[in-house]
Amino acid sequence: MAGAIDIHIHVSPFAQMHPPILATMKQGRDFTMIERVTRDPGALLALMDEAGVERCGIINYVAPVLMGFTDEVNRFAAAYVQGHRDRLFAHGSLDPHTTRDPRGELARLLDEGITAIKIHPPHQAVYPNDYLRGNRILADLYGFCAERGVPVVFHTGTTIFQGARIKYGDPIHLDDVACDFPELTIVLAHAGRPLWMETARFLVKRHPNVYMDLSGIPPVRIPQWFPDLDRLAAKTLWGSDWPGPGVPDLGVNLRAFRSQNWAETSVEAICRSNALKVFRLT
């Protein structure tokens, strides 16, 4: 089988993180290797080769109040994948509260090499459907990405970081987005875990433009939470969420997932071919 595509890893300028958030990231482990990966894409590529991972999607998002991440994360991400776009692709972000020219900023991000957009409702304190309450930034973002074929990845489910508002992570709010922007490709990161898996499953089945990723879900939980995963395989993507707290290295979860009793065609779709289509990788 060809190498997997892990669409969801966090390689970020961790020095921007507020100290309590960074302390949570570092708790109970040696952070030295993670910091080295942040400085050196070559170190990440070596880990990918060891894990049997063909490509990775680098997640970054703007969340200055809770996390400390400013829009500099976009420049970091674009620079990080530069020269390695055969192996790496970058997710960027806008501040959903303060961006003055969303369409202009998104066009600039695409020009710089960003290929997907990340929205983190619990960390950005925003409901994905807040455009219904006058948030023109989100309306412009969704409209632009729909027009340009840029996928938008939404965090769904819980988060452990202090101060985050979990209520924003309920994927039900994305039903509006999928209805109002049917040409927008939507990815439900973490598939609503561990509170809203049924909602995520329903949205994936209901909307042709909605997918989910398995990032941050221990593989042993997947058969319990998604016993019908073979039926959902065409709408599901692999992701590890590395190096999130409690997440093993790139290869451990991948091997554990592949070793389970899924159809071979399902594993190929989830671990590789769906990502090629959704993120337009060549």
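A: A residue is called buried under 20% relative accessible area, exposed over 50%, and partly exposed in between, with a 1.4 Å probe and protein chains only. By that rule D241 is buried, because its relative accessible area is 10%. The model is a predicted one, in which local features need pLDDT of at least 70, side-chain atom pairs count only at pLDDT 80 or more, and totals for chains, interfaces and linings use all residues. Residues are numbered from 1 along each chain as its sequence is written, and side-chain values use heavy atoms, with hydrogens and water left out.

Q: Which side chain is joined to that of D241 by a polar contact?

A: A polar contact is a pair of N or O atoms within 3.5 Å; within protein, one must be able to donate a hydrogen and the other to accept it, and residues adjacent in sequence count only if both atoms are side-chain atoms. The side chain of H10 is joined to that of D241 by such a contact, of 3.0 Å. H10 is found in the loop between β1 (4-9) and α1 (19-26), and it counts as buried because its relative accessibility is 15%. Contact as such means heavy atoms within 4.5 Å. Not counting residues up to four places away in sequence, H10 touches I59, Y61, K118, D241, W242 and P243.

Q: How is a pocket defined, and which residues lie nearest the centre of the largest pocket?

A: Rolling a probe the size of a water molecule over the atoms shows where empty space is left. On a 1 Å grid over the protein atoms alone, a cavity is a set of points where a 1.4 Å probe fits but cannot get out, whereas a pocket is an open set with protein on both sides within 12 Å along at least five of seven lines; lining residues have an atom within 4 Å of a point. Grid points are joined across faces, edges and corners, and a volume is the space filled by probe spheres set on the points. The largest pocket holds about 470 Å³ of space. It is lined by 32 residues, and F161, R193, D241, G244 and P245 lie nearest its centre. R193 is joined to P194 by a cis peptide bond, with omega of about -10°.

Q: What is the make-up of the lining of the largest pocket?

A: Ala, Val, Leu, Ile, Met, Phe, Trp, Tyr, Cys and Pro count as nonpolar, Asp, Glu, Lys and Arg as charged, and the others, Gly among them, as polar. The lining of the largest pocket divides into 15 nonpolar, 14 polar and three charged residues.

Q: What is the volume of the second largest pocket, and which residues are closest to its centre?

A: The second largest pocket has a volume of about 260 Å³. It is lined by 18 residues, and F89, T115, F279, R280 and L281 are the closest to its centre. The largest share of this lining, three residues, comes from β3. R280 lies in the segment after α13 (264-278) and is exposed, with a relative accessible area of 59%.

Q: Is R55 buried or exposed?

A: R55, found in strand β2 (residues 53-58), counts as buried because its relative accessibility is 8%. A polar atom of the R55 side chain lies 3.1 Å from the backbone oxygen of D86, and one lies 2.3 Å from the backbone oxygen of T282.

Q: How is a pair of aromatic rings read?

A: A pair of aromatic rings is described by the distance of the centres and the angle of the planes. Rings of Phe, Tyr and Trp (its six-membered ring) pair if their centres lie within 6.5 Å; planes under 30 degrees apart count as stacked, over 60 as edge-to-face and the rest as tilted. By this rule the count is 11 aromatic pairs. Y142 and F181 form an edge-to-face pair, 5.4 Å centre to centre with 70° between the planes. Y142 lies in helix α7 (residues 136-148) and F181 in the loop between α8 (174-180) and β6 (186-189), so this pair ties together parts 39 residues apart in sequence. Both Y142 and F181 are buried.

Technical notes. Helix = DSSP H or I, 4+ residues; strand = E, 2+ residues; numbered from the N terminus.
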